[in-house]
Amino acid sequence: MKFKERLRKVVAVVLCAAFGGVFGTAGYYSHILPENVSAEAVSGLKIAEYPEIRCCGSPFAAAEAVTSEGRVTLSLFGAIPVKSVEVHERPAPVLVAGGSPFGIKLVMEGVMVTEIGGIDAESGEITYPAKSAGIKVGDVIRLADGQKVTSNGHLQEIIGRSGGRPVTLSVDRDDSCFTTEIIPVKSKSSGKWRGGMWVRDSIAGIGTMTFVNKATGQFAGLGHPVCDSDTGELVPIQSGEAVPVEINEAKKGMKGVPGELRGRFIDGESYGTLCTNNECGIFGTLSDEALTELCTHGTQYRMGFRQDVTTGSAEILSTVHGESPERYTVEIESIDYSSKSPNKNMVIRITDPRLIDETGGIVQGMSGSPIIQNGKLIGAVTHVFVADPTRGYGIFAENMIESLDG
C-alpha cells in the first residue's frame, strides 16, 4: 500500500511538472507574439519563426478560430491556446526594392534651437534672454510676433528690429506648444539686438532608398527619422527634396567608432519631393522621370508581413561606392514582434566578407538598405551597434508601409 501511495504521488508530481512546463511555455509565447497582425488572408495564417504556433483547429484552418471581432486564437501545437490576436486582412503591396543612395535636403517648419548662449550687454553684464524666456535646446520656434518663422535670418530680423521690446514666440517642445516672451538685449560688441540663441533652419545628409511604390510614385527611405545632429530631436519639415548621390568614399567602421558613406549630391538633378519625416523613415513622391528610372532598374518584391520574417539568412541591397546597389548576405539573429520602438524590430548581422572588408559592416548612410528574405521585401537596416559594426537593428517593411499609408 505504501509503495502504491508513493507511486501515485510521484506520478502526480511528474504530471504537475509537465503541465506546469507546458503552460509556462504557453505564457512565454503569449509574451513574445504580436498583439495584432495583418495578412492577405486569415486562412493559413502562421508565424514563420514559430511553426509550432498555429490557429486553433488545423494549422491551415485559421478562419475557424476567428471571432466576430476579427480576432484569432493562436495555440501551441494546435491544442493549448496561448494568445488572442487581432487580425487585419489586406493585400501585401508589390514594391520595387531600392538600395540606391539619395541626398536629403530639408527645410524645417520653423527653426530649431541648437544652442543657448549669453549676450555681452552694454551694461557690461552677460545676460541670457533666451534662457530667461524658458527656451531650451531642441525647441522649435514656429512664430515670432505672429509671423511664421521661415529661416534663421528671418528670426534674426524680427529680433533685430524689436528695439528691445518683448518678442512673442510660439514654441513646440516634444508634443506640446507654448507661448513665451523673449526680451532682446543690445550687444555691446555688435551694437545689434540679440536673443541669445543659435538656431537651424535646414539640414542635409545621405541615406538609402528602401522601396518605391510603382503604382503611386511614393517612396520610403532610412527606416528611422532624420534628426538634428546637435539636439538629437526629430526634424519637423516644411519642404524637402531628394536628389541623386554618388558615393565616393566609405569610411570603415570600427568598434566604438561608427563609419560612414561619403559622397556628393549630383548638381541639377532631383528624384522628387520629401513630405514626411517620422519614426519609421522619410517619405516622398518621385518625379515621373525618376520613377521610370528607378522602376526600370529595380526588382519587384511582394512585401513580407512581420509574421513572415524568420531568423536565418537574408540579403540586403546597398550602395557603398558609385551609384548602383549590390547584394550582400546577412543573418537575422533575432526578431522582436512586441518592440516598443517602431524601427528596432530585428537584430541583423553582416556576414558578407566583401561588405565587411569595405565598410566594417553597417555604416552611417546605409540606413534604409532593404532586407530581402525568401523572395520578399521584409524590412530595412536602421541602426548600427557602435560596439560591433557588423551588427545592428532593422525595421519591419510593414511598419514603413503603415507609416506611408497613414
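The model is predicted, so local features need pLDDT of at least 70 and side-chain atom pairs pLDDT 80 or more, whereas totals for chains, interfaces and linings use all residues. Residues are numbered from 1 along each chain as its sequence is written, and side-chain values use heavy atoms, without hydrogens and water.

H297 belongs to helix α4; helices (H or I, at least four residues) and strands (E, at least two) are DSSP runs numbered from the N terminus. With a relative accessibility of 68%, H297 counts as exposed, given that buried means under 20% relative accessible area, exposed over 50% and partly exposed in between (1.4 Å probe, protein chains only). From H297 to S324 the C-alpha distance is 9.4 Å, and the two residues are 27 apart in sequence.

## Two helices with a buried side

Helix α4 covers residues 288-297, and its buried residues are A290, L291, L294 and C295. These four cover an arc of only 120 degrees around the axis and therefore lie on the same side of α4; the arc is that of the directions from the helix axis to the C-beta atoms. D288, E289, T296 and H297 are exposed on the other side of α4. Strands β5 (94-97), β15 (197-213) and β20 (281-286) pack against the buried residues of α4, in contact (heavy atoms within 4.5 Å).

Helix α3, residues 152-160, has H154, L155, I158 and I159 as its buried residues. Viewed down the axis of α3, they fall within an arc of 130 degrees, so they line one face of the helix. The elements that cover the buried residues of α3 include β6 (101-116), β9 (140-144), β11 (167-173) and β15.

## The nonpolar cores

The largest nonpolar core holds 40 residues, and the members that touch the most others are Y29, L33, Y50, I53, I316, I332 and I371. Such a core is a set of buried Ala, Val, Leu, Ile, Met, Phe, Trp, Tyr and Cys residues joined through side-chain atoms within 4.5 Å. A second, separate core has 24 residues, among them V96, F219, I237 and L291. L291 is also one of the buried residues of helix α4.

## An aromatic cluster

The whole structure has 4 aromatic pairs, in which rings of Phe, Tyr or Trp (its six-membered ring) have centres within 6.5 Å; planes under 30 degrees apart are stacked, over 60 edge-to-face and the rest tilted. Y50 and Y337 form a tilted pair, with 6.4 Å between the centres and 55 degrees between the planes. Y50 lies in the loop between β1 (36-39) and β2 (53-55), and Y337 in the loop between β23 (326-335) and β24 (346-350), so this pair ties together parts 287 residues apart in sequence. Both Y50 and Y337 are buried.

The rings of Y337 and F396 have centres 6.3 Å apart and planes at 25 degrees, so this pair is stacked. F396 is in strand β27 (residues 388-396) while Y337 is in the loop between β23 and β24, so the pair ties together parts 59 residues apart in sequence. F396 is buried, like Y337. Y50, Y337 and F396 form one aromatic cluster.

## Residues in loops

T310 is in the loop between β21 (300-303) and β22 (312-318). Its relative accessibility is 18%, so T310 counts as buried. The side chains of T310 and E49 are joined by a polar contact of 2.7 Å. Not counting residues up to four places away in sequence, T310 touches A48, E49, I332, I335, Q373 and N374.

N374 has a positive phi of about 55 degrees although it is not a glycine. N374 occupies the loop between β25 (370-373) and β26 (376-385), and is exposed at a relative accessible area of 66%. L222, also not a glycine, has a positive phi of about 70 degrees. L222 lies in the loop between β16 (218-221) and β17 (237-251). Is L222 buried or exposed? L222 is buried, its relative accessible area being 4%.

How values were computed
A polar contact is a pair of N or O atoms within 3.5 Å; within protein, one must be able to donate a hydrogen and the other to accept it, and residues adjacent in sequence count only if both atoms are side-chain atoms.
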